[in-house]
Amino acid sequence: MPQTILYGGTFNPIHRGHLEICLWAREAVGAGRVLLMPAAQPPHKFAGWLAPDRDRLAMCALAAQEHSFIQVSDYEIRRGGRSYTVETLRHLAGENPGEEYSLLMGTDMFLTFTQWREWEEIGKMASLLVASREEGEREALLEQQKRLKEQGISSRLLENPPLPISSTAIRQELRESGCTGKVPPKVLDYIRERGLYLHHPKELSYLREYIRPLMTEYRYRHSLGVEKQAVHMARRHGADVEKAALAGILHDVCKDMPKGPLLQTILESGIINGIDFAASPQLIHSYAGALYLQSHMDIHDPEVIDAVRYHTTGRGGMSLLETIVYLADLTSEDREYGDVEEMRRLCEVDLRGAMVRALTHTVGELARKGRLICPDTKEACREYSVKIPTTNGGSI
Ligand code: DGI
Ligand code: FE
Ligand code: FE
């Protein structure tokens, strides 16, 4: 039966250690191919900086050019949300019923295998292949191998030499020197061209470059404008300027990304606040943005996250930062509409008045177009005593 070794991970970035392990695994199993599967989001909590999905995918593809037996799949990234191996294996089995799978993993993953989602099912669909990074963990591995065997799960420990290369160390090296010999040259070229990992992730100048290729030129200009206006308003009204800049530049980070994977991520997060996202697709980008900051950008400040999450709908009890980002989005220098100057003036002197005007306009527009008004927007309207018009011209 044809053999495939499935090798999943964040590959952030892919490096020589990964490739070396692919070679060892193929040698050991005599498999036809190794399938690299960059994860959209690892299922366990990932506290770190994750390059954009399409960049990690592109780097894997470049690395795979060196070896014809290595292929790259975009399945998990296309699917979006948390990447669970059991689902990926089911998908692969459905696509290639005649194929036999081995699952390649590091020792830490192997030792915690029984915490994986539906690990027994995984064990039925694939045998495990374990590559070690350091010496001296053999005993624990053998013990785990024995325990899993008792559950009918077969595994194999590769005899690879220790490979002390880690993506974390590579990211640090890149940040410090702009260079590393631990990734293939084409991957290094790509990293440089795209400016990945080269700066401190939280620097605004880096964030501006980071978002640029993720969106249209129009949206990029708008994001710069919202950052500027949010910073201005934060200074004026005594909010945290750094947080305003961060939320401002990033508020629309997901606006131009494909909606399917974003929706998947939202549904799996469980944070939906009574919103029917299928009926209101305009709201996907703000909820997905809040999650993206946490999953990819290592930004966990709840004030910043909420400012992004509620920038489209508003909500009851908005913080000063949330209010500023909400209003900055409507009054940035790129915005053009009849009374934008009046809105800008209110943003200087009367945030409450600005909110009343903004909400009145928004719910008016939504009613006119016959769109749903989400519960958070309704709550914000109640708080600011803004009447919600009904679609037939009355108001409630
Ligand atoms: O992303 P931007 O274009 O900069 O601005 P935004 O995030 O405020 O999004 C504006 C869109 O969101 C606009 O099409 C109106 C829509 N919107 C705002 N509040 C609601 C809403 N759509 C629905 N369905 N329900 C709302 O409560
Ligand atoms: Fe937006
Ligand atoms: Fe916006």
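A polar contact here is a pair of N or O atoms within 3.5 Å; within protein, one must be able to donate a hydrogen and the other to accept it, and residues adjacent in sequence count only if both atoms are side-chain atoms. You're looking at a predicted model, where local features need pLDDT of at least 70 and side-chain atom pairs count only at pLDDT 80 or more, while totals for chains, interfaces and linings use all residues. Residues are numbered from 1 along each chain as its sequence is written, chains are lettered from A and ligands numbered from 1 in the order in which they are written, and side-chain values use heavy atoms, with hydrogens and water left out.

**Stop one: the ligand's polar contacts.** Select ligand 1, then Ser-280: a polar side-chain atom of Ser-280 is 3.1 Å from one of the ligand's nitrogen atoms. Next click Arg-219, where a polar side-chain atom lies 3.1 Å from an oxygen atom of ligand 1. Now show the backbone of Leu-372, which has an N or O atom 3.0 Å from a nitrogen atom of ligand 1.

**Stop two: the shell.** Show the residues with a heavy atom within 4 Å of the ligand. There are 19 of them around ligand 1, and Lys-255, His-311, Thr-312, Arg-335 and Thr-377 come nearest.

**Stop three: a salt bridge.** Jump to Glu-159 and Arg-138, which form a salt bridge (a side-chain nitrogen of Lys or Arg within 4 Å of a carboxyl oxygen of Asp or Glu), with their closest N and O atoms 3.3 Å apart. The structure holds 30 salt bridges.
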